[in-house]
Amino acid sequence: MRRTGVCLAVLLLLSRIGFGINVDIRLLADTKPTSMMVSLVSGKYVLYGDGKIVTDTLAASILEFTQTGDSILAKTLERKLGTYKKLTLSSLLPASSFKLKCLSPALAIRVYDNDLRVSCEKEQLLLVNRVDLEKYVAGVVEAESGTIAEEEFYKVQSILCRTYVLANLNKHVGEGYNLCDQVHCQVFRGKTKDPRIFFATSATKDLIVVDNDLKLISTTFCSNCGGQTVNSEDVWGKATSCLKSVKDTFCTRMPHARWERQISIEDWRNYLELKHKFPVKDSASFSTALNCSPTSRMVYFTDKNLKIPLKTIRSDFQLKSTFFSVVQRNDSVIFKGRGYGHGVGLCQEGAMSMAKRGYSYVDILNFYYRNINIIDLDKMEFFKEGEE
């Protein structure tokens with residue numbers, strides 16, 4: 001039996017002795033914050049500057065942090081606290097949270113759980129939220145899925161989010177944190193406001209998805225697969241036992257199931273000829289390029305010998321998916337598409353539909369991912385016995 005990795009073993013140890021699992025998430029990673037205000041929502045906090053206590057009487061204080069050169073000026077509304085290289089707002093109670101208001105650039109207020117670490121990097125503030133894993137998962141589920149789905153769907157998203165975190169803990173470790181709050185990692189906008197999402201996260205606490213070799217799976221998902229998901233190798237060139245194409249009738253009546261895009265025949269002709277050397281002067285060949293209606297997912301467009309990847313056409317014309325037909329209409333061609341996204345793994349709208357019809361999170365996960373096991377972190381030690 002293969003090892004699941006040093007990081008996972010460490011996390012299991014922390015979970016077993018009762019400390020829980022914390023992750024470091026870079027906040028506002030798509031901006032360049034230089035000034036912000038912080039106020040407490042709940043709990044108790046101590047502010048540390050360069051490793052020493054600055055103040056522990058923060059209950060009624062509003063703090064302001066401003067980048068000045070390679071340092072941070074910290075002050076309250078009443079007085080200056082000092083200038084530091086690093087600041088840490090450290091919670092003393094598990095149920096502690098704070099509001100963060102970015103002043104420059106001006107952004108909406110967000111609420112975060114647990115701790116905040118602030119330092120300077122390239123003339124901006126580097127903000128890192130050290131947060132309990134389960135609270136982070138709940139925040140991601142809300143940001144990625146919205147607040148109008150069934151609780152069973154939120155359970156699915158919670159398990160996938162948790163699995164992703166543990167599989168990608170080292171993604172930004174060289175930069176001083178585990179993950180960022182953007183789509184590059186997982187979208188995270190702070191503390192969830194929906195009690196149903198928090199309940200779904202709590203109900204699936206510590207559950208992760210592994211393959212038959214006990215490796216954490218790739219938890220990729222798309223908005224809508226258009227009626228059929230895609231093999232991972234058809235998009236990224238690497239086959240996996242879990243990410244196999246499946247027919248999906250659950251998403252075909254959902255909001256992102258269908259789309260259209262129109263371009264001129266001349267633009268289509270020039271594109272095929274100039275970029276892909278398509279034989280547009282051959283009337284029979286060009287006719288297939290003007291009228292093609294695949295009934296299932298394909299990898300290449302019409303002529304397999306030319307090997308024009310559908311994912312290239314999708315990227316060049318900014319189409320919603322690679323699952324489309326081409327139909328001639330007067331002097332134009334119409335891309336009549338299905339689905340939204342790359343199509344690999346979980347189809348979110350299909351999963352939402354399944355949850356609404358009464359399917360369990362176990363049913364949903366096993367429908368979209370093949371050869372998987374849903375397992376509790378605490379049980380991983382059992383499977384590790386006998387290794388070496």
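## Asp206 and its loop

Asp206 is found in the loop between α4 (195-203) and β14 (207-211); helices (H or I, at least four residues) and strands (E, at least two) are DSSP runs numbered from the N terminus. The phi angle of Asp206 is positive, about 75 degrees, although Asp206 is not a glycine. Asp206 counts as buried, at 8% relative accessibility. Here buried means under 20% relative accessible area, exposed means over 50%, and partly exposed lies in between (1.4 Å probe, protein chains only).

The side chain of Asp206 meets that of Lys205 in a salt bridge, at 3.4 Å from N to O. A salt bridge is a side-chain nitrogen of Lys or Arg within 4 Å of a carboxyl oxygen of Asp or Glu. Whereas Asp206 is buried, Lys205 is partly exposed, with a relative accessible area of 44%.

## Basis of the description

This is a predicted model, in which local features need pLDDT of at least 70 and side-chain atom pairs count only at pLDDT 80 or more, while totals for chains, interfaces and linings use all residues. Residues are numbered from 1 along each chain as its sequence is written, and side-chain values use heavy atoms, with hydrogens and water left out.

## Overall architecture

The secondary structure of the protein comprises 11 helices and 20 strands. Along the principal axes, the C-alpha atoms fill a box of roughly 80 × 50 × 40 Å. Of the 388 residues in the protein, 50% are buried. Among contacts (heavy atoms within 4.5 Å) between residues at least 6 apart in sequence, 68% join residues at least 24 apart.

The protein exposes about 18,900 Å², of which carbon and sulfur atoms supply 51%; accessible areas come from the Shrake-Rupley method with a 1.4 Å probe, and for residues only the protein chains shown count as cover. The mean positions of the 52 positive and 43 negative charges are 3 Å apart. In this count Lys and Arg are positive and Asp and Glu negative, with His and the chain ends not counted; each charge is placed at NZ of Lys, CZ of Arg, CG of Asp or CD of Glu.

## The β9-β10 hairpin

Strands β9 (residues 97-104) and β10 (residues 110-113) pair in the antiparallel sense over 4 bridges; two strands pair if DSSP finds at least two bridges between them. The two strands form a hairpin with 5 residues between them. The bridge partner of Ser97 in β10 is Asp113.

Pro105 is found in the loop between β9 and β10. A cis peptide bond joins Ser104 to Pro105, with omega about 0 degrees. In the loop between β10 and β11 (115-120) is Asn114, a residue other than glycine whose phi is positive, near 65 degrees. Asn114 is buried, with a relative accessible area of 9%.

## Other salt bridges

A search of the whole structure finds 12 salt bridges. Asp70 forms one with Lys85, the closest N and O atoms being 2.9 Å apart. This pair links distant parts of the chain, 15 residues apart: Asp70 is in the loop between β5 (62-68) and β6 (71-76), and Lys85 is in the loop between β7 (80-84) and β8 (86-91). Asp70 is exposed, with a relative accessible area of 52%, while Lys85 is partly exposed at 42%.

Glu152 and Lys155 both lie in helix α3 (residues 151-167), 3 residues apart, about one turn of the helix. Their side chains meet in a salt bridge at 3.3 Å, N to O, and Lys155 is buried, with a relative accessible area of 15%. Asp24, Arg117 and Arg130 are linked in a network of salt bridges.
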